[in-house]
Structures are given as C-alpha cells and as structure tokens.
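Please look over the model below before reading on. My notes follow it.

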Amino acid sequence: MPREAAVTPVSDGEEAAEEAGLPAPGATAAAWETRKQRPGRQRCGSQNDRKRIPCPLDPKHTVYEDQLQKHLKKCNSREKPKPVYFVQDINAGLKDVAEITEKQVPISSLSKEELENLIIKLKKASNGLELRLKEQILSHQALQEALNDPKNGESAFKHLKQQASILGNMEKLHLLGPGRCFVEFGAGRGKLSHWVDVALQNVENVQFLLVERATTRFKVDGKHKRRDAVFERLQVDIQHLCLKKVPILEKKKLPVVGIGKHLCGAATDLALRCLVESYTSWCDGENEEPAPKRSRTDKTEVASNNSADNESSKDDCKPVAGIVIALCCHHKCDWTHYVGREFFKSVGLGPLEFNYFQRMSSWATCGMRETTTKASTSQESEDQTNDTEEHEQTFSKTESGSDTLQGILTVEERKEVGCLCKRLIDHGRIEYLQQRGYKAALQYYTESAVSLENVLLTAVPSPSLISEPTT
C-alpha cells in the first residue's frame, strides 16, 4: 500500500524548489532518485492536480495558481520602488489630450494635392528663418591620442571625431570648468562623459550624472582614473526625472551642464524641459536658501565681496550653465512632448502638420540606410559593435518614402523637404530656449560624411539671465 505524504508546513526554500520542479533544500540522495522516478512529489495531493498560469507581471514564465500571491511578492519582474528623483511625467509637457489629433494616414496615402499643400505650409512657415547653419567643426586635445590610434576602425573613428567636436564646442562656450555637474542624457555606455572627465583631469569638484532608462552593458564610466570625480547613473526615463531631487544636486546645488550625443527625437525635448523648467524654477524660487536665486541686485553685492562664498553664489545664479546636445531622429519627435508648440502655433501650424513634418524629416537622411548597411557588415571590435549611441540605423523604408513618392518628388527634393522639416522643428526648440533667457544656436559640428545627423544645439544663459545691476 503506497505511503501517504505527511501534511507539513512548506518553507520558502521548499516552495521555490517545488516551483522549479526540484526536491527541497537538504533533501537526501534518495529523494533526488525518487524525484527522477515520478512526475511530481506528492504533498496534500498530487501536483498534477494544480494549475499553472502565466505570471501577470511577466507571461514568459508560469506559476502555480494557488501560489500566485506569494509569487508576486518576490517575482523578479515586480515593480521596483521608485527612486527619490522619479516624479511622474514632470517633463512630459502637454497635459490637455484634446490638442492631440488622431493618428494620421501614411504619407504615401496622401494625394499629390495634399502633399503639395503640406510643403507649401512648410516653406511658408520657414520663410525668414536662418536655414544655413554655421560650421563649428572643432576638436579637443583630450581625444588626440585616441584619434591617432591606428587600432580604431572606421566606426570608432567617426564617434571619436564627433565626441572631440562636442568637447571643442563646450570648451569654446567655457563650459569645461570646476564646480559643475555634467548631466549626460541618453548616456548609453557613458563615453561622452568619459571624455569630458579626461578633459577635466586637473579640475576639482566635478560630478557626472548619467541618465539612461535601460540597463547598459559595457559601460565605460567605471573606468575613469580620477578618484575625485563622482559618476552616478540614474536609471530613469527623462520624462520622469526631477533633477532637483537627485541627492547630490540637492546637497551641493551645483550649476548643471546638460549634454547628449544623438539624443533621439522627443528625448531632446524632455531633456530641455527637465533643465530649463523643473530644475531652473526650483533654483530660482522654490529653494529657501537665498543664494541660488537670480536677482538683478546680486551683481552689486558680489562686486563688493570677492570671497569664495560669493563666487559660489555667482555660480548659483546660473542653475543651468549650459546645454550641448547633438540632435537626432526628428522622426521620433512627439507633439505631446515638443517644446516648440507655441512657435508652431505662431506660424499657423498645429499637431496635424507637426506629425506629418516629423515623419517627413527622415527624407533628409534617406540615403543613410545604404551607408549603415555597408558599415554593419565590417568586422569591428567589441567597443564598436556594442556602441548604441548612434541612432542612424533606425530609419525605415516607409519613412524615407523612396519608392512611394516616385513621380511626385525627386530624391533631391525629398532631401530638401526633409532638411526643412528638421530645421523648422529645431527652430521651435531655439525659440523655446530664447524665451527662457538662453542664447541658443544650431551649428554643424561634424561633416556629413562622419554623420548625417550632424547638427549640434547649444545654449548658455544670456547676460540678462545671469544678473545685471539696477540703475
């Protein structure tokens, strides 16, 4: 007569083993042998009678239905506690969903007349804008050794040239200095911050915050040599990042320099709002300490006292010391998050036109697909093949419209329209920054042969934002 299993309490370890289909921890060799001989260990009835269901947190694995509640408390896919700097949708922008239109039909489905009307609107809105950007292709001594390293493949060399020019532009704007916190948005592996750290190797009191919503492999920020430079990763979507609640900024109140290399689509708008709205407004008026506030009378007080404390107060007048972002992927912009909505409205455009223009912007780089395909076939080192900072490969055949618009627009006309869409979207960002007291500009920071996404947005506080004496 078969022996019945005793009804005994089940420990967490036993339960875990049971879910995995294994004997309990500490079981004898005989138990393991017995396990091989029968499909399920009997305890208060056969496990064959128990139902397994997909885990509601992650359907890739299953759990016994009668153990669901206990499993949810320890499942690796459960929602983790939010960090202190997480504030839901703080940088999201538009709250009124009534302004958001329904999904538009594909551009390829537009009639010739509808497409022509869109282009007329685009050219009318762009009339009078500065469309010929200045070339500001610079370099920086910090990258010279790496740029001259023959071991680098073509892909790595192109990234280094871009990083060198970004640092060169930062140096020209006097943003590479002590007592600052560099916030790299869309940091990926953190290579841009790494080179900034190299450039500041003899500078004290430098902090780095690397913002990336995804976990990242092959990070380079852990390889920096200076022990006094602080690197901290913030795994959060920029949409929910409240910089004022990041402990190191809350404690030190350092001026911030926002940087990014190929900050994709709407992420640029989220980063701009994160810097010049949520963080700046806190430093201006919500802090109880008077020093960080900007006041037109502060400059007189600073001039009367040359102490280090007053120098610090002078820095505090510029909560955001500068912004340097290499733009990318305008076709991934979103009206909800776009910071230039007021500009679009001022020239008679709205969400309908914006959503068409952001998709048409990919026409500017429709030749990119062939280039990146060739590059991907070459054998690159681990450092290059895992480089996800470049987003150029994301353009699709549908977005480029290379086949669907034949007979309506030539290839050159499509590229011209695409570039016009990019400049119009970017001009909205420039006006947004200017209205908030920043001297903002767009420039080509690298050759198109290095990257077709070769426009850099820079912004520094205008003199009126820093402080001026009253008369």
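Predicted model: local features only at pLDDT ≥ 70, side-chain atom pairs only at ≥ 80, totals over all residues.

1. Residues are numbered from 1 along each chain as its sequence is written, and side-chain values use heavy atoms, without hydrogens and water.

2. Start with the open sheet. Its eight strands run in the order E3-E9-E10-E8-E7-E4-E5-E6, with mixed pairing. The edge strands, E3 (134–135) and E6 (230–234), each pair on one side only. Strands are DSSP runs of E, at least two residues; helices are runs of H or I, at least four; both are numbered from the N terminus. Two strands pair if DSSP finds at least two bridges between them.

3. Now take strand E5 (residues 206–211). Five bridges join E5 to E6, in parallel. Gln 207 faces Val 230 in E6, and Leu 210 faces Arg 233 there. E5 and E4 are also parallel, over six bridges. Here Leu 209 is the bridge partner of Val 183.

4. Is E5 buried or exposed? Six of its six residues are buried, meaning under 20% relative accessible area with a 1.4 Å probe, protein chains only. Val 206, Phe 208 and Leu 210 lie on one side, and Gln 207, Leu 209 and Val 211 on the other.

5. Check helix H13 (residues 351–360) too. Eight of its ten residues are buried, including Phe 354, Tyr 356 and Phe 357. The buried residues of H13 pack against helices H4 (112–126), H12 (341–346) and H17 (411–435); contact means heavy atoms within 4.5 Å.

Terms used
Buried < 20%, exposed > 50% of the residue type's maximum accessible area, 1.4 Å probe, protein only.
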